[in-house]
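Welcome! Please take a moment to look over the sequence and the structure below before reading on.

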Amino acid sequence: MTGLQKTLALLKKHEGFSDTVYLDGKGIPTIGYGFTDPGLIKKGKITRKEADAILTKRIASEYKALHDTLPNFDKLSDDSKSALISYRFNYPAGFKDTTKFMNYWRAGQYDKAIKEVNAGMNDAANPGLHTRRLEEQALLS
């Protein structure tokens, strides 16, 4: 399985798919594989083929952002890259310059950074995040 295939499988597993709009755990209108784009929401319906194409483009975008942001990203295993793409896809705020994650990563303290991949782990409204974060952390270890 290629890195892209691993990342697609990970995101599809944790995001799930809906061909119609639904409200996520925070009440945000969502469609496809966790997409919140207003244009897609307005459309109201999406095919799996359309969602797969959008997800593939999003993965490429997340990959580039991580490549440009994280020192040593290119040296990581495909599993680690998939985990970071998954985390950024789901929680982009975790990659702001001021987060503990980013401070630890830039300092080369990867073990501490991995522990910071924890957003929503105890969110009662989104219990699936606990499992997702544990898997992302394990892929990064």
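This is a predicted model: local features need pLDDT of at least 70, side-chain atom pairs count only at pLDDT 80 or more; totals for chains, interfaces and linings use all residues.

## Two helices side by side

Let's start with helix H1 (residues 3-15) and helix H7 (residues 128-140), whose axes come within 10 Å and cross at roughly 160°. With angles over 145 degrees counted as roughly antiparallel, H1 and H7 are therefore roughly antiparallel to each other. The crossing of H1 past H7 is right-handed.

Which residues bring H1 and H7 together? From H1 come Leu10, Leu11, Lys13, His14 and Glu15, and they meet Thr131, Arg132, Glu135 and Leu139 of H7. Sorted by class, this contact holds three nonpolar, two polar and four charged residues.

## Salt bridges

Side chains of opposite charge can pair when their charged atoms come close. In this model the count comes to 13 salt bridges. One of them joins Asp79 and Lys6, with the closest N and O atoms 3.4 Å apart. Asp79 sits in helix H4 (residues 78-90) and Lys6 in helix H1, so this pair ties together parts that are 73 residues apart in sequence. Asp79 is partly exposed at 30% relative accessibility, and Lys6 is partly exposed at 29%.

Lys43 is partly exposed, with 47% relative accessibility, and Glu50 is partly exposed at 32%.

Arg106 pairs with Asp97 at 3.5 Å, N to O. Is Asp97 buried or exposed? Asp97 is exposed, with a relative accessible area of 54%, while Arg106 is partly exposed at 39%. Finally, a network of salt bridges links Glu15, Arg132, Arg133 and Glu136.

Notes:
Residues are numbered from 1 along each chain as its sequence is written. Side-chain values use heavy atoms; hydrogens and water are left out. Axes are lines fitted to C-alpha atoms, for helices over the stretch in contact, and angles run from 0 to 180 degrees between N-to-C directions. Helices (H or I, at least four residues) and strands (E, at least two) are DSSP runs, numbered from the N terminus. Angles under 35 degrees count as roughly parallel, over 145 as roughly antiparallel, 65 to 115 as roughly perpendicular and the rest as oblique. A crossing is left-handed if the near helix is turned anticlockwise from the far one by less than a right angle, and right-handed if clockwise. Contact means heavy atoms within 4.5 Å. Ala, Val, Leu, Ile, Met, Phe, Trp, Tyr, Cys and Pro count as nonpolar, Asp, Glu, Lys and Arg as charged, and the others, Gly among them, as polar. A salt bridge is a side-chain nitrogen of Lys or Arg within 4 Å of a carboxyl oxygen of Asp or Glu. Buried means under 20% relative accessible area, exposed over 50%, partly exposed in between (1.4 Å probe, protein chains only).
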